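Trainee: Could we go through this one together? I'd like to know what to look at first.

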Amino acid sequence: AWNEGNLELFMQGYWQHDSLQFIGKNGVTYGWRQTLSNYQQSYPDTATMGKLTFSNLQFKRLSAPYYFVTGKWLLQRSIGDISGYFTLLFKKIKGKWVIVADHSS
């Protein structure tokens with residue numbers, strides 16, 4: 001079942017910092033809290049949240065602490081499926097891999 005904790009759990013993979021960068025259809029957002037807030041506004045309930053899956057994943061190591069990841073996302077929803085593509089920049093910070101930049105369309 002959907003609840004606001006699902007989005008916060010999803011966001012644990014993101015860098016909890018003001019410099020987190022998210023680029024989407026509405027432009028650039030900076031910061032973990034603002035990105036979470038945008039997700040909460042875009043996906044306020046079970047019908048809009050749906051089931052998220054990923055495919056076509058490709059990983060490229062850029063350097064020891066950085067990976068570049070691309071793929072396709074799909075939200076299967078009762079109100080109609082939506083999908084798009086993404087580019088993620090992962091960085092290992094304090095022993096944990098986190099997303100520091102996300103460009104999703």
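Predicted model: local features only at pLDDT ≥ 70, side-chain atom pairs only at ≥ 80, totals over all residues.

Trainee: OK, what volume does the largest pocket have?

Mentor: The largest pocket comes to about 970 Å³. Of the 33 residues that line this pocket, those closest to its centre are F10, F22, Y39, Y43 and S104.

Trainee: And which elements give two or more residues to the lining?

Mentor: Those elements are the helices α1 and α2 (32-42), together with the strands β1, β2 (27-30), β3, β4 (66-76), β5 and β6.

Trainee: How does the lining of the largest pocket split by class?

Mentor: The lining is made up of 19 nonpolar residues, twelve polar residues and two charged residues.

Trainee: Let's stay with S104 for a bit. Where is its place?

Mentor: S104 belongs to strand β6, which covers residues 96-104.

Trainee: Is S104 buried or exposed, and why?

Mentor: S104 counts as buried because its relative accessibility is 17%, and the cut-off for buried is under 20%.

Trainee: What does the side chain of S104 make a polar contact with?

Mentor: The partner is the side chain of D102, at 2.6 Å. Once neighbours within four places in sequence are set aside, S104 is also in contact with F22, I23, G24, K25, W73, Y85 and F86.

Trainee: Changing topic, where does G13 lie?

Mentor: G13 sits in the loop that runs between α1 (4-10) and β1 (21-24), and with a relative accessible area of 27% it is partly exposed.

Trainee: How many residues apart in sequence are G13 and W97?

Mentor: They are separated by 84 residues in sequence, yet their C-alpha atoms are 7.7 Å apart in space. Leaving out neighbours within four places in sequence, G13 is in contact with V98 and I99.

Trainee: One more topic, the backbone. What is the phi of N56?

Mentor: N56 has a positive phi of about 55 degrees, although it is not a glycine. N56 is placed in strand β3, residues 51-63, and at 53% relative accessibility N56 counts as exposed.

Trainee: And what about the phi of K94?

Mentor: The phi of K94 is near 50 degrees, again a positive value in a residue other than glycine. K94 is found in the loop between β5 (82-93) and β6, and K94 counts as exposed because its relative accessibility is 85%, where the cut-off for exposed is over 50%.

Methods
Residues numbered from 1 in each chain as written. Heavy atoms only, no water. Helix = DSSP H or I, 4+ residues; strand = E, 2+ residues; numbered from the N terminus. Buried < 20%, exposed > 50% of the residue type's maximum accessible area, 1.4 Å probe, protein only. Polar contact = N/O pair within 3.5 Å; in protein donor to acceptor, adjacent residues only side chain to side chain. Contact = heavy atoms within 4.5 Å. 1 Å grid on protein atoms, 1.4 Å probe; cavity = no way out; pocket = protein on both sides within 12 Å on 5 of 7 lines; lining within 4 Å. Points joined across faces, edges and corners; volume = space filled by probe spheres on them. Nonpolar A, V, L, I, M, F, W, Y, C, P; charged D, E, K, R; others polar.
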